[in-house]
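Good morning, and thank you for coming.

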Amino acid sequence: MASNSGDLSGKVALVTGGSRGIGRAIALELATRGADIAFNYFRNHKAAHEAEEAISALGVRCLRTRAHLGDSEAIDGLFEKVSEEYGQLDILVNNAASGVMRPASELENRHWDWTLDINAKAPWKCAISAAKLMTDGGTIVNLTSPGSTSVLPDYFIVGVSKAALESLTRYLAVELAPKNIAVNAVSASFIQTDAVTAFPEGSVAYEMAQRPTPSGRVVVPEDVARVVAFLCSEDARMIRGQILLVDGGEMLVRR
């Protein structure tokens, strides 16, 4: 008999940074499976409106909210809006990320604070706020990257923040388990998005996003979105505190 575990009808999902790139692909994938969507964005109003239209066109409800996740008060406001609009939350995808691409010796305190606040502190704050709305259990998926464990040029502060996020994933997986909240992370290979174009042409990250992986093609945002959706399904309920790598085998080889 075919499984219906991938159906997310009746669920509410919040995707941070859901207006572009991987975040948009995740929001659309969850919406395709029937989930109502909320997402935040920071600067790009045009992209946010376009994402809202694309999600709504799938026949689900969509809440678009501008919120800077480096601001704790803005995070509180984001969850207040989700609660007011939907009255519940079943899925949180901590996708939003930022960072300053410089060697460690060229970074300033403000660069550290900016990156860690958005990439590590915000997912912690969002997870705690989400858990309060997940009265019948839920799922939290954090988006990380291979730079958490592999040293990449000019990736110092982002790599440190992603390593913190992966540790946060493990700790929350245990702390929130009694509330039937499953917490995992997806480590996404470098993909052709606006985030990767911030890397200089010729850099390791830029080149990884362009070339085919051992699987025979590049990784695209939809590949990551489908893995996130799987972790939100009933089939994945016994996966807890894990980091799932989606890279087409890229990190297995040295080039």
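Predicted model: local features only at pLDDT ≥ 70, side-chain atom pairs only at ≥ 80, totals over all residues.

I begin with a pair of strands: β1 and β2, the latter covering residues 36-41, pair in the parallel sense over four bridges. Strands and helices here are DSSP runs, strands (E) of at least two residues and helices (H or I) of at least four, numbered from the N terminus. Two strands are said to pair if DSSP finds at least two bridges between them. One of these links joins Val-12 to its bridge partner in β2, Asp-36. Between β1 and β2 the chain passes through helix α1, residues 21-32, and this β-α-β crossover is right-handed. The term means that, with the strands pointing away from the viewer, the path from the first strand over the helix to the second runs clockwise.

Residues are numbered from 1 along each chain as its sequence is written, and side-chain values use heavy atoms, with hydrogens and water left out.

Strand β1 also pairs with β4, residues 91-94, in the parallel sense, over three bridges. There, Val-15 has Val-93 as its bridge partner.

Which way do the side chains of β1 point? Val-12 and Leu-14 point one way, Ala-13 and Val-15 the other way, and all are buried. Buried means under 20% relative accessible area, exposed means over 50%, and partly exposed lies in between, using a 1.4 Å probe and protein chains only. In a regular strand the side chains alternate between the two faces of the sheet.

Let us now consider the whole chain. It has seven helices and seven strands, and along the sequence they follow the pattern β-α-β-α-β-α-β-α-β-α-β-α-α-β. Of the 255 residues, 51% count as buried. The C-alpha atoms fill a box of roughly 45 × 45 × 40 Å along the principal axes. Among contacts with a separation of 6 or more, 73% are between residues 24 or more positions apart; contact means heavy atoms within 4.5 Å.

I turn to the interior. In soluble globular proteins, nonpolar side chains tend to be buried together. A nonpolar core is a set of buried Ala, Val, Leu, Ile, Met, Phe, Trp, Tyr and Cys residues joined through side-chain atoms within 4.5 Å. The largest such core here has 34 residues, and those with the most contacts inside it are Ile-26, Leu-30, Leu-143, Val-224 and Val-228. Several elements each supply at least two of its residues, including β1, β2, β6 and α7. Which element gives the largest share of this core? That element is α1, with six residues. Leu-30 touches, among others, Ala-13, Val-15, Ile-37 and Val-93, leaving out residues up to four places away in sequence. Apart from this core lies another, of 30 residues, among them Ala-67, Tyr-86, Ala-96 and Leu-168.

Some single residues deserve attention. Ile-181 is found in strand β6, residues 181-188. Is Ile-181 buried or exposed? It counts as buried because its relative accessibility is 0%. Beyond four places in sequence, its contacts include Ala-131, Ile-140, Leu-176 and Arg-237.

Finally, Asp-247 sits in the segment after β7 and is buried, with a relative accessible area of 7%. Its side chain reaches the backbone nitrogen of Gly-249 at 2.9 Å, and a polar atom of that side chain lies 2.7 Å from the backbone nitrogen of Met-251. Leaving aside neighbours within four places in sequence, Asp-247 is in contact with Ser-189, Thr-213 and Val-219.

Notes: Polar contact = N/O pair within 3.5 Å; in protein donor to acceptor, adjacent residues only side chain to side chain.
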